[in-house]
Amino acid sequence: MKEPGIQKTTSKTTDNRGWKITSRDLDILVSIYRFRFLTRQLIEWVFFSSAEADFDGRSSASGRRLQALHDAGYVERLVLPMLPGAGRAPLVYALTSRGADAVASRLDIDRADVDWVPAQNRTTPFFIEHTL
């Protein structure tokens, strides 16, 4: 059932052969787990700021990696509602079950010890904004 006010985006089925999750990807997943929701801008600032000198390069690199994580099923992408004329809504990333499995592996803990369930992604836009 779709939550009111939050748009979940779906990805096209892509061929992920040859794609491998990186150490930085795992660090991104751990951060999303710890903070519950993160915007693309926050992820870009923390994990891509030193990788590319210019803004466009950072933005493209972060966008490609987050798209790959989304396509591979590690993160769910949410779009918060915006008032008309207020600009583009920021993409918000949340963990999926597959992402929680990767977090457990990265933190070297049992999956049962990862304090995350899918219901945590079903919340109101106001709560997401508060959490961010």
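Helices here are DSSP runs of H or I with at least four residues, strands are DSSP runs of E with at least two, and both are numbered from the N terminus. By that rule the protein chain has 5 helices and 4 strands.

This is a predicted model: local features need pLDDT of at least 70, side-chain atom pairs count only at pLDDT 80 or more, and totals for chains, interfaces and linings use all residues. Residues are numbered from 1 along each chain as its sequence is written, and side-chain values use heavy atoms, with hydrogens and water left out.

**Stop 1: the whole chain**

Show the protein chain as a cartoon. Follow the elements from the N terminus: β-α-β-α-α-β-β-α-α. The protein chain exposes about 8,100 Å² (Shrake-Rupley method, 1.4 Å probe; for residues, only the protein chains shown count as cover). Carbon and sulfur atoms supply 53% of that area. Of the 132 residues, 40% count as buried. Buried means under 20% relative accessible area, exposed means over 50%, and partly exposed lies in between (1.4 Å probe, protein chains only). A contact means heavy atoms within 4.5 Å. Among contacts with a separation of 6 or more, 63% are between residues 24 or more positions apart.

**Stop 2: the largest core**

Select Ile28, Leu29, Ile32, Ile43 and Leu95. These residues have the most contacts inside the largest nonpolar core, which has 24 residues. Such a core is a set of buried Ala, Val, Leu, Ile, Met, Phe, Trp, Tyr and Cys residues joined through side-chain atoms within 4.5 Å. Which elements each supply at least two residues of this core? They are helix 1 (23-35), helix 2 (40-47), helix 3 (55-71), strand 4 (91-95) and helix 4 (97-107). Helix 1 gives the most, with 6 residues. In soluble globular proteins, nonpolar side chains tend to be buried together.

Center on Ile43. Leave aside its neighbours within four places in sequence. Ile43 is then in contact with Ile28, Ile32, Leu38, Phe48, Leu66 and Tyr93.

**Stop 3: a second core**

Select Phe37, Leu78, Val92 and Ala94. They are among the 5 residues of a second, separate core.

**Stop 4**

Select residues 75-79. Turn on the side chains. Val75, Arg77 and Val79 point one way, while Glu76 and Leu78 point the other way.

Strands 3 and 4 run antiparallel, joined by 5 bridges; two strands pair if DSSP finds at least two bridges between them. Pick out Leu78: its bridge partner in strand 4 is Val92.

Leu42 is partly exposed, with a relative accessible area of 36%. Draw a line from Leu42 to Val92. They are 50 residues apart in sequence and 9.6 Å apart in space, C-alpha to C-alpha.

**Stop 5: helix 4**

Select Gly99, Ala100, Ala102, Val103 and Ala104. These residues of helix 4 are buried. What covers the buried residues of this helix? The cover includes helix 1 and strand 4. Step past the end of the helix. Just after it, Asp108 takes a positive phi of about 55°.

**Stop 6: salt bridges**

A salt bridge is a side-chain nitrogen of Lys or Arg within 4 Å of a carboxyl oxygen of Asp or Glu. The count comes to 4.

- Select Asp25 and Arg65. Their closest N and O atoms are 2.4 Å apart. Asp25 sits in helix 1 and Arg65 in helix 3, 40 residues apart, linking distant parts of the chain. Are they buried or exposed? Both Asp25 and Arg65 are buried.
- Select Arg106 and Asp27. The closest N and O atoms of this salt bridge are 2.7 Å apart. Arg106 lies in helix 4 and Asp27 in helix 1, so the pair ties together parts that are 79 residues apart in sequence. Arg106 is partly exposed at 33% relative accessibility, and Asp27 is partly exposed at 30%.
- Select Arg40 and Glu44. Their side chains form a salt bridge at 3.9 Å, N to O. Both lie in helix 2, 4 residues apart, about one turn of the helix. Arg40 counts as partly exposed at 23% relative accessibility, whereas Glu44 counts as buried at 8%.
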